[in-house]
Amino acid sequence: MRDTTRRQTLSALSTLALTVLALVGCDKMRGGGSAAPASQPASTTAASAAPTGTGNILIGEYGSMTGSEATFGQSTHNGIMLAVEEFNAAGGLAGRQVELKSYDTQGKSQEAGTVVTRLITEDKVVAVLGEVASSLSLAGGRVAQQFGVPMISPSSTNPQVTQIGDMVFRVCFIDPYQGYVVAKFTSENLKRTRVAVLYDQGQAYSKGLKDDFRKAFEALGGQIVTEQAYTGGDQDFSAQLGNIKAASPEAIFVPGYYTDVGNIALQARKLGITATLLGGDGWDSPKLTEIGGAAIEDSYFSNHYSHEEQRPEVQSFVQKFQAKYGVVPDGLAAMGYDAARLLFDAMKRSPSLGGKDLAAAIAQTKAFAGVTGAITIDAERNARKPAVVLQVKGGKYAFAASIQPQQ
Ligand code: PHE
């Protein structure tokens with residue numbers, strides 16, 4: 001993706017260089033002294049569509065295609081692309097095709113703000129899909145809100161994301177619910193009462209989810225025996241794990257992202273900690289088991305879907321995704337697919353592709369048949385959906401339980 005962008009930039013630059021050279025040449029032939037004014041526009045190669053009318057409709061996507069959360073962006077992108085291809089093959093929007101413009105955030109908040117600004121002001125997209133990580137959706141969402149362009153996060157679960165304003169939506173559940181799901185499973189299914197917490201203090205997602213878990217777990221009669229913090233990318237967790245070992249918990253809740261969680265699992269087992277490891281959706285990556293190996297076996301985490309669910313939406317998606325990419329889709333891919341399809345559905349119902357109309361159409365979405373469940377956008381622009389709990393087994397993620405939203 002970055003290559004494509006770079007290639008486009010390069011070709012635009014070389015066009016500009018050639019134009020300038022040509023103009024300089026002409027000037028020389030005419031005997032003029034000065035070079036061509038820099039204000040001469042190069043030929044425009046931009047193919048982006050106008051928000052309404054004819055031509056392709058440009059949609060933006062921003063995600064971590066590289067860095068320690070790279071599988072989040074890559075899986076989401078694959079899910080979105082499958083939806084785009086299906087929509088276009090079925091005729092698009094009254095014959096107009098959808099085109100996706102994607103940028104890599106590298107997992108960095110600042111980059112998220114920069115690329116969303118570029119998508120809106122330069123590429124002139126009609127809507128934005130992304131990000132996965134809540135801290136990055138917070139940065140990108142503020143930009144989308146400022147410019148009045150609708151954004152749908154496939155999978156950011158921190159409540160603050162959609163609180164930014166009326167342009168920001170999500171198709172997933174939020175963390176107060178996810179915290180309750182893990183707490184209920186820990187207390188009622190696993191029957192553990194003494195739990196330690198180890199969270200990433202640099203991520204809005206991790207900080208929020210550990211508070212939500214604590215609240216729900218204590219309400220169920222559980223006890224948090226110690227709370228320890230790290231910062232994403234840390235390599236040495238021995239101080240925190242030493243404190244946790246001393247508190248002798250029955251389980252450790254680690255609401256982080258997969259690269260750190262894999263490393264934490266390895267180091268915990270090395271220190272002789274045998275307590276069950278628990279987590280949230282941030283664990284969802286094939287890399288978790290690649291990094292964690294035996295150390296992460298028999299752990300549990302909450303997630304948005306399981307490829308083992310028998311619902312027809314799930315089975316048909318898994319089949320199509322596997323045929324196209326040769327791998328079983330993770331939750332991110334399913335959420336990306338759902339976010340894109342929900343956007344296309346709203347585009348069909350919207351009187352125009354202007355930000356206000358499109359946002360109103362997204363807001364009116366009811367019982368949309370998503371892979372990750374029926375999606376109704378509520379008054380806070382969130383979706384209420386069931387969650388699943390997965391168990392790490394033999395390097396794979398097995399369905400362990402499904403937990404419904406509280407009434
Ligand atoms: N929910 C996480 C966040 O808000 C992102 C995530 C979603 C990660 C789904 C993995 C799977 O930061």
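1. Helices (H or I, at least four residues) and strands (E, at least two) are taken here as DSSP runs, numbered from the N terminus. On that basis Q106 sits in the loop that joins β2 (98–104) to α3 (109–123), and its phi is near 55°, a positive value in a residue other than glycine.

2. This is a predicted model, in which local features need pLDDT of at least 70 and side-chain atom pairs count only at pLDDT 80 or more, while totals for chains, interfaces and linings use all residues. Residues are numbered from 1 along each chain as its sequence is written.

3. E131 belongs to the loop between β3 (128–129) and α4 (134–147).

4. The axes of α3 and α4 come within 8 Å and cross at roughly 30°, axes being lines fitted to C-alpha atoms, for helices over the stretch in contact, with angles running from 0 to 180 degrees between N-to-C directions. That makes α3 roughly parallel to α4, since angles under 35 degrees count as roughly parallel, over 145 as roughly antiparallel, 65 to 115 as roughly perpendicular and the rest as oblique. Residues in contact have C-beta atoms, placed from the backbone, within 7 Å of each other; on the α3 side they include A112, V116 and I120, and on the α4 side they include L136, V143 and F147. By class this contact has 8 nonpolar, 5 polar and no charged residues, where Ala, Val, Leu, Ile, Met, Phe, Trp, Tyr, Cys and Pro count as nonpolar, Asp, Glu, Lys and Arg as charged, and the others, Gly among them, as polar.

5. Helix α2 (residues 70–89) packs on helix α12 (residues 331–349) at an angle of about 40°, with the axes 7 Å apart, and that makes α2 oblique to α12. Among the residues making the contact are F72, I80 and F87 of α2, together with L332, Y337 and F344 of α12. The contact comprises 13 nonpolar, 6 polar and 1 charged residues.

6. Around the ligand there are 14 residues, of which S134, S155, T157, Y205 and D281 come nearest; a residue is near a molecule or strand if its C-beta atom, placed from the backbone, lies within 6 Å of it. This shell divides into 5 nonpolar, 7 polar and 2 charged residues. At least three of its residues come from each of domain 1 (51–173 + 309–385) and domain 2 (176–303), the domain bounds coming from an automatic or database domain assignment.

Methods:
Two residues are in contact if their C-beta atoms, placed from the backbone, lie within 7 Å.
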